[in-house]
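Subject: A structure for you to look through

Hi there,

Here is the structure I promised to pass on to you. Please open it next to this email and find each residue as you read.

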Amino acid sequence: MSYPVQKVISWSVFALGVLSALFFAVYTDHRWEDWYITFRASKNLSEGLGFTFNMNERVHSFTSPLGTLIPALLHFITRDDEAVIWSFRVINMLLIGLVAKLIFDLFSTFIKAPILPALLVTLALIFDEKSIDYSINGMETAFMLLGIVLLVRELFKTGTPNPLRLGLIFAFLMWSRPDAFIHIGSLLLGYLLFRNNSKTHFTAFFKGGMLGILFYVPWVLFAWWYYGNPVPNTILAKGFTLTAESILNRTWHYVQSVFMGFVSSEAPFLWIFAPAYYYYESWPVVLLFVLKVVTYVAVFLWVVPKVNANARFLSFAAFLIASYLNIFSPTIYPWYIPAVMVICLVSLGCAVAQPVKGLVVSGNAKWLSLGVLGILLVAQLWVYTGGLLQMRSQQVIIENGLRKEIGLWLKKESKTPEETVFLEPLGYIGFYSGLTMYDYPGLCNTKVINARKKLKTESYVQLINYLKPNWVVFRPWDLGKATKEEAATFATLYDEARIFSQKDKIADLNVYGKNYLAYDSEFIVYKKK
């Protein structure tokens with residue numbers, strides 16, 4: 001491929017990446033629930049009210065420092081909520097375009113791949129529904145994608161990696177998500193095992209790690225001073241129930257599920273390319289089967305000796321990160337996934353684009369391997385298209401038509417902002433009500449976490465009876481999970497105030513992922529007597 005042609009295509013995929021994200025944003029206007037958890041803290045900071053969600057308690061209620069500080073700066077400049085989400089989206093759209101360009105350049109420049117596999121891999125990223133959606137709906141996904149691709153690019157360069165560049169990339173990833181050290185360590189370990197384990201590389205990685213810590217430690221020190229704990233409350237709330245016994249049990253279950261995934265409809269890696277919340281069983285079985293096969297190939301390329309070293313080290317890294325999420329995460333949240341997906345994608349591309357050691361690849365075999373990437377791209381377009389319709393419905397019917405309305409109604413019905421609300425869906429209701437939130441599992445406060453520890457329970461109703469908030473927001477079946485005694489106590493404390501429902505509208509929909517939308521189609525609000 002001549003340089004001028006390569007340059008034109010490179011900037012073309014940049015533009016296409018931006019346009020893909022822009023189209024998703026304009027068509028769906030999707031704003032994720034967690035965006036409003038983060039943005040309430042960002043807005044409070046910009047208005048001088050404290051860097052926290054509830055006014056009366058300093059709590060590290062967000063996970064990504066960059067994903068919170070940048071919106072705070074944007075709000076300080078614009079003083080307009082709509083301007084913040086759209087300007088933050090523009091930043092993320094540009095990052096998606098840059099990631100697409102970097103991936104194409106990685107294949108065309110460093111790997112010297114033919115144009116077709118380079119384009120197929122790049123397009124598969126550009127139309128990855130989770131990467132696009134969780135970049136425009138307020139999450140830190142685009143930052144993680146950029147950091148991962150920059151690190152992979154650095155590892156593909158000839159010669160010894162530059163410790164300063166590595167340190168900056170490590171720090172950028174940590175500022176994007178504090179558990180990014182898992183991704184960093186997995187990629188470096190895979191590189192040392194399958195690509196180059198020389199002393200010079202190990203030394204460069206060590207120096208880069210020390211510099212990365214140096215560049216990230218200011219945030220750790222600030223969080224420690226301001227919140228009293230450098231670990232985000234979001235992580236503490238979700239993970240404090242993990243014990244050595246539960247980790248061993250989850251590990252054993254995970255190992256079993258890896259093998260059972262070959263013969264069952266469920267598989268521990270399916271989520272890497274599958275639609276967000278695919279397990280609500282309203283996506284085509286054939287689509288999920290194809291994505292499961294592709295994913296299994298991607299995460300186990302490292303066990304095939306004749307596959308090239310680049311594909312193997314990336315595949316091994318993806319396997320480690322996926323294993324971490326399966327074992328340690330309460331559930332695998334969709335915005336965690338693109339950072340694993342992009343590693344799988346580049347690994348598959350390397351396996352197709354680079355010669356297999358010791359084998360002469362015939363023309364037919366080349367077309368067969370390219371067909372794998374082609375099938376993946378078709379599946380990605382299928383998910384992308386279905387996701388457009390699903391998330392547009394999610395925004396219009398559930399977010400704007402239900403959760404936002406509940407928040408505004410609570411604001412109107414309450415007497416002071418100090419009134420408390422117990423609920424699970426914290427974002428929209430918390431942001432638009434402006435009230436003090438007692439959320440489960442305790443992302444924005446310590447009271448719920450302390451109650452869970454004291455009572456040794458995960459029962460919503462038992463926690464409510466103990467905390468006695470002014471308001472309770474339930475899905476219809478939440479009260480049914482209580483014991484008779486807990487339900488009786490709850491009935492003496494609370495009256496039903498109002499039912500908010502969009503069940504009829506969801507029932508009339510004809511979209512993929514409909515069952516996921518139905519999960520949040522009705523809420524009951526209770527008021528303390």
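Below is what I found in it, part by part.

Please keep in mind from the start that this is a predicted model.

**The inside**

Let's begin with the nonpolar cores. How many residues does the largest nonpolar core have? The number is 165. Phe 107, Leu 187, Phe 269, Ile 272 and Leu 410 are the residues with the most contacts inside this core. Helix α16, which runs over residues 363-413, gives the most to the core, with 15 residues. There is also a second, separate core of 18 residues, and Val 461, Leu 467, Val 472 and Phe 490 are included in it. As background for your course, nonpolar side chains tend to be buried together in soluble globular proteins.

Setting aside residues up to four places away in sequence, Ile 272 touches Lys 130, Thr 295, Val 299, Ala 322, Ile 337, Val 340, Met 341 and Cys 344.

Next, have a look at helix α15, made of residues 338-353. Its 16 residues reach 22 Å from the first C-alpha to the last, close to the 22 Å expected at 1.5 Å a residue. Why is α15 described as largely enclosed by the rest of the structure? Because 14 of its 16 residues are buried.

**The surface**

Now turn to the outside. A nonpolar patch on the surface is formed by Trp 252, Val 255, Phe 259, Met 260, Phe 262 and Val 263, and together they have about 710 Å² of accessible area.

- Trp 252 belongs to helix α12. Its relative accessible area is 55%, so Trp 252 counts as exposed. Between Trp 252 and Ser 329 there are 15 Å in space, C-alpha to C-alpha, and the two are 77 residues apart in sequence.
- Val 263 sits in the loop between α12 (244-260) and α13 (285-300). With a relative accessible area of 70%, Val 263 is exposed too.

**Salt bridges**

The count of salt bridges comes to 17. Here are three of them to look up.

Start with Arg 31 and Glu 82, whose side chains meet in a salt bridge at 2.6 Å, N to O. This pair links distant parts of the chain, 51 residues apart: Arg 31 is in the loop between α1 (3-28) and α2 (33-46), while Glu 82 is in helix α4 (residues 81-110). Are the two partners buried or exposed? Arg 31 counts as buried because its relative accessibility is 6%, whereas Glu 82, at 40%, counts as partly exposed.

Then there is Arg 403, which forms a salt bridge with Glu 33; their closest N and O atoms are 3.6 Å apart. Arg 403 lies in helix α16 and Glu 33 in helix α2, so this pair ties together parts that are 370 residues apart in sequence. Both Arg 403 and Glu 33 are buried.

The last pair is Arg 165 and Glu 154, with a salt bridge of 2.7 Å, N to O. Since Arg 165 is in helix α8 (residues 163-176) and Glu 154 in helix α7 (residues 141-156), the pair ties together parts that are eleven residues apart in sequence. Arg 165 is partly exposed, at a relative accessible area of 38%, and Glu 154 is buried, at 5%.

Some salt bridges share partners, and these join Glu 33, Glu 399, Arg 403, Glu 424, Arg 475 and Asp 520 into one network.

Where is Gly 513? Its place is in the loop between α21 (503-507) and α22 (514-519). Gly 513 has a relative accessibility of 1%, so it counts as buried. The C-alpha atoms of Gly 513 and Trp 283 are separated by 6.1 Å, although the two residues are 230 residues apart along the chain. Leaving out neighbours within four places in sequence, Gly 513 is in contact with Ser 282, Trp 283 and Gln 390.

Finally, find Ser 393 in helix α16. Ser 393 is buried, with a relative accessible area of 10%. Not counting residues up to four places away in sequence, Ser 393 touches Ile 398, Leu 509, Val 511 and Leu 517.

Enjoy exploring!

Best wishes

Technical notes:
Residues are numbered from 1 along each chain as its sequence is written. This is a predicted model: local features need pLDDT of at least 70, side-chain atom pairs count only at pLDDT 80 or more; totals for chains, interfaces and linings use all residues. Side-chain values use heavy atoms; hydrogens and water are left out. Helices (H or I, at least four residues) and strands (E, at least two) are DSSP runs, numbered from the N terminus. The expected span of a helix is 1.5 Å times one less than its number of residues. Buried means under 20% relative accessible area, exposed over 50%, partly exposed in between (1.4 Å probe, protein chains only). Patches are made of residues with over 30% relative accessible area and no salt bridge: like charges are joined within 9 Å, nonpolar side chains (Val, Leu, Ile, Met, Phe, Trp, Tyr) within 5 Å. Accessible areas come from the Shrake-Rupley method with a 1.4 Å probe; for residues, only the protein chains shown count as cover. A salt bridge is a side-chain nitrogen of Lys or Arg within 4 Å of a carboxyl oxygen of Asp or Glu. A nonpolar core is a set of buried Ala, Val, Leu, Ile, Met, Phe, Trp, Tyr and Cys residues joined through side-chain atoms within 4.5 Å. Contact means heavy atoms within 4.5 Å.
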